[in-house]
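Opened a new notebook page for this one.

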Amino acid sequence: MDRVFKALADPTRRLLLDRLREHNGRTLQELCEHLSMARQSATQHLDVLVRAGLVTVVRRGRERLHYLDPGPIHRIEERWISEFDRPRLQAISAIKHQAEEYAMTDAPQPVPTYVYVTYIRASAEQVWKALTDADLTARFWGHANVSDWQPGSTWEHRRVDGSDAVDVVGRVMAAEPPKRLVITFEDPLSSGSPGGGSVVTFLVEPHQDIVRLTVTHENLPDQEMLDGISQGWPAVLANLKSLLETGEVLPQAPWDM
């Protein structure tokens, strides 16, 4: 945890984390607008945060988007805050948030983009096949993702309980095997609505014997969907990782926990 404490010791780096907490997924230019320093200095601070695991960088074309990763801070909390203190601190935090909510305006707040990163011991081709093969998705997701995966084609998220019911639909926006897949993600009942549904991007980055899989879910309609996918994506991707690394999915469905 030395790198985490070193990163948090600097007030400029804490300010960068605050800016990402307010609005995740900022470019370097957007972050520099709030700092009285050169881009080179800001880049150096961000590099320290990335090495500490506090910030994740997602490339989109020529842009580098920065996302806050609270994992290291959560591990500090787990290590040094006792089980006896946690309920008291949660109660105090709840009171604080309740008071702040009363002071907020009624203006709707934008729903942040969700980003999840995992590392898998597999090839990029194996990960791509797992994401696009109906039989494999049925094993680790409990649904078969059915499509020809060509740009412009539709895709369906079908149950495998014998009902053939479709819970999610969408279209393929981009397919660059084995490294990048972009799809829309919509409820079948609201498909074709003016909002266009949310958008999921799978980015597969190989490095020697492993890949870095980044899932970005954006254009979310509301906080309820953000809460749902925040639990759903880690469960699905844990099952995917287990299947590719061991040949078997997890012994219990992780989304049932």
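Ground rule before I count anything: I call two strands paired if DSSP finds at least two bridges between them. Also noting that this is a predicted model.

Entry, strand pairing. I looked up β6 (residues 166-176) and β7 (residues 180-185) and found 4 bridges joining them, with the strands running antiparallel. I then checked A174, and its bridge partner in β7 is V182.

Entry, the sheet. I traced an open sheet of 7 strands in the order β3-β9-β8-β7-β6-β5-β4, and the pairing is antiparallel. At the edges I have β3 (114-120) and β4 (143-146), each pairing on one side only. Ignoring direction, neighbouring strands in this sheet are turned by 20° against each other on average.

Entry, helices on the sheet. I found α9 (residues 223-246) lying across β3, β7, β8 (198-207) and β9 (210-218), and α9 runs at about 10° to β3. Helix α8 (residues 134-141) lies across β4 and β5 (154-159), running at about 150° to β4.

Entry, a helix pair. At what angle do α2 and α4 pack? I get about 75° between α2 (residues 11-22) and α4 (residues 39-51), with the axes 10 Å apart. Angles of 65 to 115 degrees count as roughly perpendicular, so that is what I wrote down for α2 and α4. On the α2 side the contact is made by T12, R13, L16 and L17, and on the α4 side by H45, L46, V48 and L49. I sorted the residues of this α2 and α4 contact into 5 nonpolar, 2 polar and 1 charged.

Key
Residues are numbered from 1 along each chain as its sequence is written. This is a predicted model: local features need pLDDT of at least 70, side-chain atom pairs count only at pLDDT 80 or more; totals for chains, interfaces and linings use all residues. Side-chain values use heavy atoms; hydrogens and water are left out. Axes are lines fitted to C-alpha atoms, for helices over the stretch in contact, and angles run from 0 to 180 degrees between N-to-C directions. Helices (H or I, at least four residues) and strands (E, at least two) are DSSP runs, numbered from the N terminus. Angles under 35 degrees count as roughly parallel, over 145 as roughly antiparallel, 65 to 115 as roughly perpendicular and the rest as oblique. Contact means heavy atoms within 4.5 Å. Ala, Val, Leu, Ile, Met, Phe, Trp, Tyr, Cys and Pro count as nonpolar, Asp, Glu, Lys and Arg as charged, and the others, Gly among them, as polar.
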